[in-house]
Amino acid sequence: MQHSRYSNVFALGDCTNAPCSKTGAAIRKQAPVVVENVLKVLAQQTPTAEYTGYSACPIPTKYGKLMLAEFDYSNTPKMTFPFDQAKPRWTMWLLKKYILPWLYWNRILTGKA
Ligand SMILES: Cc1cc2nc3c(=O)[nH]c(=O)nc-3n(C[C@H](O)[C@H](O)[C@H](O)COP(=O)(O)OP(=O)(O)OC[C@H]3O[C@@H](n4cnc5c(N)ncnc54)[C@H](O)[C@@H]3O)c2cc1C
């Protein structure tokens, strides 16, 4: 997340040119990397934290059904759950509709998840 020419410039989110899908899910993984690397640079150390390109796209397939696609820079699936997330599921729809908004406001924005 460090600028390739200007070492005191870091970026995250949709404004970067990282070749990943631009999502809030990606930013959640980028933010700790940026924090760790900025702190290292401020301490005059080499930044070592890396972002893998992780991103996630909740894809509703119809009302009440959703696929949660998670992948990295190489489009390799990076599934969180121990079942096939390529299958549209009601439980994944519930996750998107009810759990993710709660997670966003209460855990992600406060830096706890
Ligand atoms: C329809 C839609 C659905 C999405 N669904 C999902 C989802 O389900 N899951 C998911 O993870 N991601 C989703 N995303 C992507 C996610 O919303 C973005 O990746 C994320 O909001 C980007 O955050 P950001 O802070 O980098 O940029 P932004 O949220 O775009 O914030 C940039 C801010 O900068 C402000 N700004 C711009 N220019 C200036 C200026 N000159 N001066 C001052 N301020 C300025 C803008 O007003 C804005 O508030 C969705 C996006 C869209 C559009």
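Biologist: How much space lies in the second largest pocket, and what makes a set of grid points a pocket rather than a cavity?

Modeller: The second largest pocket holds about 230 Å³ of space. On a 1 Å grid over the protein atoms alone, a pocket is an open set of points with protein on both sides within 12 Å along at least five of seven lines, whereas in a cavity a 1.4 Å probe fits but cannot get out. Points are joined across faces, edges and corners, and the volume is the space filled by probe spheres set on them. This is a predicted model: local features need pLDDT of at least 70, side-chain atom pairs count only at pLDDT 80 or more, and totals for chains, interfaces and linings use all residues. Residues are numbered from 1 along each chain as its sequence is written, and side-chain values use heavy atoms, with hydrogens and water left out.

Biologist: Which residues lie nearest the centre of that second largest pocket, and how does its lining divide by class?

Modeller: Met1, Gln2, His3, Thr16 and Asn17 lie nearest the centre, out of 13 lining residues; a lining residue has an atom within 4 Å of a point. The lining divides into eight nonpolar, five polar and no charged residues. Nonpolar here means Ala, Val, Leu, Ile, Met, Phe, Trp, Tyr, Cys and Pro, charged means Asp, Glu, Lys and Arg, and the others, Gly among them, are polar.

Biologist: What lines the largest pocket, and which elements supply its lining?

Modeller: The largest pocket, with about 640 Å³ of space, has 24 lining residues, and Ala25, Arg28, Leu100, Leu103 and Ile108 lie nearest its centre. At least two lining residues come from each of α1 (24-42), β1 (55-62), β2 (65-71) and α2 (90-108). By class, 17 are nonpolar, three polar and four charged.

Biologist: What makes the pair of Ser55 and Thr23 a polar contact?

Modeller: Their side chains are joined at 2.8 Å. The cut-off is a pair of N or O atoms within 3.5 Å; within protein, one must be able to donate a hydrogen and the other to accept it, and residues adjacent in sequence count only if both atoms are side-chain atoms. The value is therefore inside the limit.

Biologist: Which residues are around the ligand, and what distances separate Asp14, Lys22 and Lys96 from its oxygen atoms?

Modeller: With a heavy atom within 4 Å as the criterion, they are Gly13, Asp14, Lys22, Thr23, Gly24, Ala25, Ile27, Pro58 and Lys96. A polar side-chain atom of Asp14 lies 2.7 Å from a ligand oxygen, a side-chain N or O atom of Lys96 is 2.7 Å from a ligand oxygen, and a backbone N or O atom of Lys22 lies 3.4 Å from one.

How values were computed:
Helices (H or I, at least four residues) and strands (E, at least two) are DSSP runs, numbered from the N terminus.
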